[in-house]
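Below is a short briefing on one protein chain. Overall figures come before individual residues.

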Amino acid sequence: YTVPPEVLVWRKPVYPAGLASGEIGFAEVDLLIGVDGIPRNAWVARSSRPEFAEPALAAAKKHLFAPALLYDRPVESRLRIGFTIQRDQAPARPPR
């Protein structure tokens, strides 16, 4: 594509219940983004602990994107997004 997808709505993962509040984790989620900017499929590429995978996946599925463009036409695209997950954090901002 000539223009990559752009995050319009970013959702923060919910900290997993049962983990120590001081523990910080990460997860990376791969998304297939439709021509309408809605994630069509998502899967966890990796996470620091299994407990962080599901909250990251759930948050990623709620994101909304401006779709990728190929010569001014919307196209499906793949994108990997990363999350740092910690209790009581301020809302994360998408990378620019």
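This is a predicted model: local features need pLDDT of at least 70, side-chain atom pairs count only at pLDDT 80 or more; totals for chains, interfaces and linings use all residues.

Residues are numbered from 1 along each chain as its sequence is written, and side-chain values use heavy atoms, with hydrogens and water left out.

**Overall make-up**

- Starting at the N terminus, the order of elements is β-β-β-α-β-β-β-β.
- Along the principal axes, the C-alpha atoms fill a box of roughly 50 × 25 × 15 Å.
- Of the 96 residues in the protein chain, 35% are buried; buried means under 20% relative accessible area, exposed over 50%, and partly exposed in between (1.4 Å probe, protein chains only).
- Among contacts with a separation of 6 or more, 73% join residues 24 or more positions apart, a contact being heavy atoms within 4.5 Å.
- There are 13 positive and 10 negative side chains, and the centres of the two sets lie 2 Å apart.
- In that count Lys and Arg are positive and Asp and Glu negative, with His and the chain ends not counted; the place of a charge is NZ of Lys, CZ of Arg, CG of Asp or CD of Glu.

**Aromatic pairs**

- The count of aromatic pairs comes to two, under a rule that pairs rings of Phe, Tyr and Trp (its six-membered ring) if their centres lie within 6.5 Å, with planes under 30 degrees apart counted as stacked, over 60 as edge-to-face and the rest as tilted.
- W10 and F83 form a tilted pair, at 5.3 Å centre to centre and 35° between the planes.
- W10 lies in the loop between β1 (6-9) and β2 (25-33) and F83 in strand β7, so this pair ties together parts that are 73 residues apart in sequence.
- Both W10 and F83 are buried.
- Y15 and F52 form an edge-to-face pair, at 6.0 Å centre to centre with 70° between the planes.
- This second pair links distant parts of the chain, with Y15 in the loop between β1 and β2 and F52 in helix α1 (residues 50-61), 37 residues apart.
- Y15 counts as buried at 10% relative accessibility, and F52 counts as buried at 0%.

**Strand β7**

- I85 belongs to strand β7 (residues 77-85) and is buried, with a relative accessible area of 1%.
- Beyond its neighbours within four places in sequence, I85 is in contact with P13, Y15, P16, E23, I24, G25, F52 and A56.
- I85 and G34 are 51 residues apart in sequence and 26 Å apart in space, C-alpha to C-alpha.
- S77 is also in strand β7 and is buried, with a relative accessible area of 3%.
- Not counting residues up to four places away in sequence, S77 touches Y1, P5, L31, L32, I33 and A68.
- S77 and L31 are 46 residues apart in sequence, with 8.1 Å between their C-alpha atoms.

**H63**

- H63 sits in the loop between α1 and β4 (64-66) and counts as buried at 2% relative accessibility.
- The H63 side chain reaches the backbone oxygen of A59 at 2.9 Å.
- Leaving aside neighbours within four places in sequence, H63 is in contact with V7, V9, W10, R11, P39, I81 and F83; W10 and F83 are the partners of the tilted aromatic pair.

**Loop between β5 and β6**

- Y71 is in the loop between β5 (68-70) and β6 (73-75) and counts as exposed at 65% relative accessibility.
- Phi of Y71 is near 50°, a positive value in a residue other than glycine.
- D72 lies in the loop between β5 and β6 and counts as exposed at 72% relative accessibility.
- D72 has a positive phi of about 70°, although it is not a glycine.

Notes. Helices (H or I, at least four residues) and strands (E, at least two) are DSSP runs, numbered from the N terminus. A polar contact is a pair of N or O atoms within 3.5 Å; within protein, one must be able to donate a hydrogen and the other to accept it, and residues adjacent in sequence count only if both atoms are side-chain atoms.
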